[in-house]
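Here are my notes for a first reading. Keep the model open beside them and look up each residue as it comes.

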Amino acid sequence: MGELLVTYLVVVFGLGLLARLLRLPPLIGYLGAGFLLHAIGVAELSALPMLADLGVALMLFAIGLHLDLRVLLRVEVWLTAGAHMLAMTVIGAVFLAVLGLVGLAGPEPLHKLLELALVLSFSSTIMVLKVLADRDDEQSLYGRICIGVLIMQDVIAVVLIAVSTGSAPSPWSLGLLVIVPVLVVITRRWHRLGDGDLGALFGLAMALVPGYALFEYLGLSGGLGSLLMGVILSKHTGADKLARTMFTLKELLLVCFFVEIGFEGVPTLRDVIDGLSLLLLLPVQAAVYWLLLWLLGLRNRTSVLASLLLANYSEFALILAAVGVQAGWLSTQWLNALVIAVTGGFILSSLSNPLATTFGTRLAMRLPKHAPERLHRDDRPIDLANAEAVVLGMGRVGRMAYLQLRDVHGYRVLGVEHDAALVTTLRSHGFRVVEGDATDRDFWLRVREDAGVVVVVLAMPTQTANLGALGELRLVGGERPGRVISAIAKYTEDVDEFERAGLSTVVHLYAGAGETLADRAAEARAEWSDGMPRSDG
């Protein structure tokens, strides 16, 4: 067992490092490692499938920690997901039928071609979420659209698999209508566990016990259960820290997912040809996504980045194919071809979605543009021409900075906040606020006429977010002579980090509170002394 584990580590790390040296995403190396280990006869680790499933579950749990389910109600999500599935099912069925006619794939009945085409219209949850996490773009507009589309596809895929296997969720699954609200109530104070080992174990337990294990036991998708547990915890303090704490474990387990794909079987030359033929559908898939999003008023950059990211095949295609082979209605040839297609889709998606979004941005510039007034409301240019000060993050600290700048120093102030509900509340109280994520480059690319802004305050709740916003601001040329950028920091090491980043105006949260408290106490004492009667002696 020890020698086998060492072999895995050497091959997986070695090919991952080779991919990195070739300036390719490491996951291409992990995919290659799986195929190489299988081809040279190395036995599959018995725990590999379980570890791969746990990696998927933790990935979805982490996404749930940042997810606002209201995104599913947006027309650009449900309409795009539904229309794309319908269009690609028809196009895909015709394409598969043509492959059968020319002898590149085995012929299948029409209803099976439609079912296969439907599954091929789905995008890979793992691939898309990993790219978004690597870019730190989960909260960007195109990232939220992608995540919403994926959730809808995953729900439909689970139903399709249940129908294909002839199984249905357990009647006990109705108990979730009671269990979920109870979990919402009893986990309200979970953040008091802290972000140490006990807090991390709590997060792991929530993702894998009431999430993955319970949902699987009830005949539902364990991944969706993990996602839901993340959503339950997402509205409370500590969700960001929990996601960061579990990041390394999640990434290591996801390596197992990519390695496991190589053990699906050794494809023949015919399988390779059939699988590569299926890749011809991916440009069509991307084009349909772009067209739908463009027609809904999204900017080209948003539409292109989402389309490139969603242009791959889902791991659910392999699951359904395995079910079909086991049930006898699908030939083994299709399973091996789909292994090639899914793997090839991952590789193409990795190449077309590098860490930087420069390629997508350049491609977007070549496409027809909307008039500004026809753009989607969340994708329109943001005019800062009338603002002199901008506060990024309108939590308690941000609100106080806003009021101080406006009422004491007389600046025209604009707040930026990513929480739509909080934006609505603040506007009702007279604040000038726009909805946007200051850590998202899209936000800064949409900003125009900001020459009058002389003060920028970084007041978001996490150090990572504030540093991210600072980085994006600098990349778009937002740091210019005469403009002061200031930040709030919770810890001394955070102050040092900001100072190393070149900021001279950094306020330690607790030190600032102490100074204010001392000033207020001294002022109160002076007022009391002024009101005391004077002694003649």
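How do the residues that line the second largest pocket divide into nonpolar, polar and charged? Point 2 has the reply.

1. **Ground rules.** This is a predicted model, in which local features need pLDDT of at least 70, side-chain atom pairs count only at pLDDT 80 or more, and totals for chains, interfaces and linings use all residues. Residues are numbered from 1 along each chain as its sequence is written, and side-chain values use heavy atoms, with hydrogens and water left out.

2. **The second largest pocket.** The lining divides into 28 nonpolar, four polar and six charged residues. Here Ala, Val, Leu, Ile, Met, Phe, Trp, Tyr, Cys and Pro count as nonpolar; Asp, Glu, Lys and Arg count as charged; the others, Gly among them, are polar. The volume of this pocket is about 1100 Å³. Of its 38 lining residues, Pro26, Leu27, Tyr30, Lys130 and Val255 are the closest to the centre. Helix α12 (247-261) gives the most to the lining, with 10 residues. Other elements that supply at least two residues each include α1 (2-21), α2 (26-39) and α17 (332-352). Helices here are DSSP runs (H or I, at least four residues), as are strands (E, at least two), and both are numbered from the N terminus.

3. **Pocket or cavity?** Both are found on a 1 Å grid over the protein atoms alone. In a cavity, a 1.4 Å probe fits but cannot get out. A pocket is an open set of points with protein on both sides within 12 Å along at least five of seven lines. A lining residue has an atom within 4 Å of a point. Points are joined across faces, edges and corners, and a volume is the space filled by probe spheres set on them. Rolling a probe the size of a water molecule over the atoms shows where empty space is left.

4. **The cavities.** There are four cavities of 30 Å³ or more. The largest cavity holds about 60 Å³ of space. Its lining is made of Leu60, Ile63, Thr125, Leu129, Ile147, Leu150, Ile151, Asp154, Leu224 and Leu227. By type, that is eight nonpolar residues, one polar and one charged. Four helices each supply at least two residues: α3 (48-64), α6 (125-135), α7 (141-165) and α10 (222-234). Helix α7 has the largest share, four residues.

5. **Salt bridges.** The count is seven, where a salt bridge is a side-chain nitrogen of Lys or Arg within 4 Å of a carboxyl oxygen of Asp or Glu. Arg406 and Asp407 form one, with the closest N and O atoms 2.8 Å apart. Arg406 is partly exposed, at 33% relative accessible area. Salt bridges with shared partners join Arg74, Glu76 and Glu435 into one network. Within it, the side chains of Arg74 and Glu76 meet at 3.9 Å, N to O. Arg74 is buried at 18%, and Glu76 is buried at 2%. (Buried means under 20% relative accessible area, exposed over 50%, partly exposed in between, with a 1.4 Å probe and protein chains only.) Lys250 pairs with Glu251 at 3.9 Å, and both residues are buried.

6. **A surface patch.** Which residues form a nonpolar patch on the surface? They are Leu174, Leu177, Val178, Val182, Val184, Val185 and Ile186, with about 680 Å² of accessible area together. Areas come from the Shrake-Rupley method with a 1.4 Å probe, and for residues only the protein chains shown count as cover. Patch members have over 30% relative accessible area and no salt bridge; like charges are joined within 9 Å, nonpolar side chains (Val, Leu, Ile, Met, Phe, Trp, Tyr) within 5 Å. Val184 lies in helix α8 (residues 176-186). Val184 is partly exposed, at 33%.

7. **Apart in sequence, 3D distance given.** Trp190 sits in the loop between α8 and α9 (197-217) and is buried at 6%. Trp190 and Gly238 are 48 residues apart in sequence and 8.5 Å apart in space, C-alpha to C-alpha. Gln463 is buried at 14%, and Leu470 is buried at 3%. From Gln463 to Lys490 is 27 residues in sequence and 8.0 Å, C-alpha to C-alpha. From Leu470 to Phe498 is 28 residues in sequence and 9.5 Å, C-alpha to C-alpha.
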